[in-house]
Amino acid sequence: MNYEQLLKKSQKEALKYQKEIEAVKLLLMELSHQDPHMFYLNLKNEVDTSFLKMFESKLELYLKEDVPVQHLIGHAYFYGHPFLVSQAVLIPRSETEQLVEEVLYLYDDHFENKDIDVLDLGTGSGCIGISLALEEKHMNVSISDISEEALEVASENVKKLNANVKVVHSDLFQKIEGKFDIIVSNPPYIPNDEVVDNIVRKEPHVALYGGILGVDFYERIIKNIRPYLKEKALIAFEHGYMQKDVIYKFVEKYLPEASILQKQDLQQKDRFTFVGLNIDLTT
């Protein structure tokens, strides 16, 4: 059996179990240590028997036991970098890449290449804060999380990607010191009673659920954020697509003088809220 035949067979199995065929292709490429270019060049090559056995065992875990492919290969790609992931952290999503992109745009618009302090609150794998630090050298980034297990993964990603990032163990602002120009957060936002796919349940509950409406962490953050912001500051959130209005009201309540910008993701779902103090986000 060659790689092309194995891919077709595996993707057929994926459809049978209502799983993603692209995930199966990713699993095969990553386990064979081939980038997409090399993989397609080698499609006609025969698959080694020992590799076939190993791949089929991993594939079965994905198809039948709902183990995420990213856990099986040990990493997920985010903003062009391979981030280590485990059962202790949320697997980075493509929507969150857009959050990073939007923050970088707003930095260019409002901070004019100045050195600034940035906090990634509830960092998980570290993907947001580390990506910002790697993309913009003027950002002095700190990342924090309540989970020590998550911070172990984030710390490994800091080392692996050679990022200049400070790691802090903190329940939201509890152990955060200093003031920041930008605070970015993608906290848990799934409502407690929302039914999620079996494969999502494999991810840490502490990183998924955010109270009855899924907005508990947003109110806690917005209510307590002012002492940690510089006079001119930006707050950036990712949130659920049905939480736009309630988060807007939190900002009006606790930061009434702030400028608010809300944006959709690439699927036209309301996904991001940006808050400016002494920054006009409406122009």
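Tutor: Start with two helices: the crossing of α6 and α7 is right-handed. This is a predicted model, where local features need pLDDT of at least 70, side-chain atom pairs count only at pLDDT 80 or more, and totals for chains, interfaces and linings use all residues. Residues are numbered from 1 along each chain as its sequence is written, and side-chain values use heavy atoms, with hydrogens and water left out.

Student: At what angle do α6 and α7 pack?

Tutor: About 40 degrees, with the axes 10 Å apart. Helix α6 covers residues 94-110 and helix α7 covers residues 127-135. Axes are lines fitted to C-alpha atoms, for helices over the stretch in contact, and angles run from 0 to 180 degrees between N-to-C directions.

Student: Why is α6 called oblique to α7?

Tutor: Under 35 degrees counts as roughly parallel, over 145 as roughly antiparallel, 65 to 115 as roughly perpendicular, and the rest as oblique. The angle is about 40 degrees, and that makes α6 oblique to α7.

Student: Which residues meet there?

Tutor: Thr96, Leu99, Val100, Val103 and Leu104 of α6 meet Ile128, Ser131, Leu132 and Glu135 of α7. Contact means heavy atoms within 4.5 Å.

Student: Why are α1 and α4 called roughly parallel?

Tutor: Their axes cross at roughly 20 degrees and come within 11 Å. Therefore α1 and α4 are roughly parallel to each other. Among the α1 residues in this contact are Tyr3 and Leu6; α4 brings Phe51 and Leu52, among others.

Student: What makes helix α2 mostly covered?

Tutor: Eight of its eleven residues are buried. Buried means under 20% relative accessible area, exposed over 50%, and partly exposed in between (1.4 Å probe, protein chains only). The buried residues include Ala23, Val24 and Lys25. Those buried residues pack against α1, α3, α4, α5 and β1.

Student: How confident is the predictor?

Tutor: The pLDDT, its confidence in each residue from 0 to 100, averages 90 for the protein, and 91% of the residues score at least 70. Over residues 194-213 the pLDDT is below 50. Where pLDDT is low, the predicted coordinates should not be read in detail.

Definitions and conventions: Helix = DSSP H or I, 4+ residues; strand = E, 2+ residues; numbered from the N terminus. Left-handed = near helix turned anticlockwise from the far one by under 90°.
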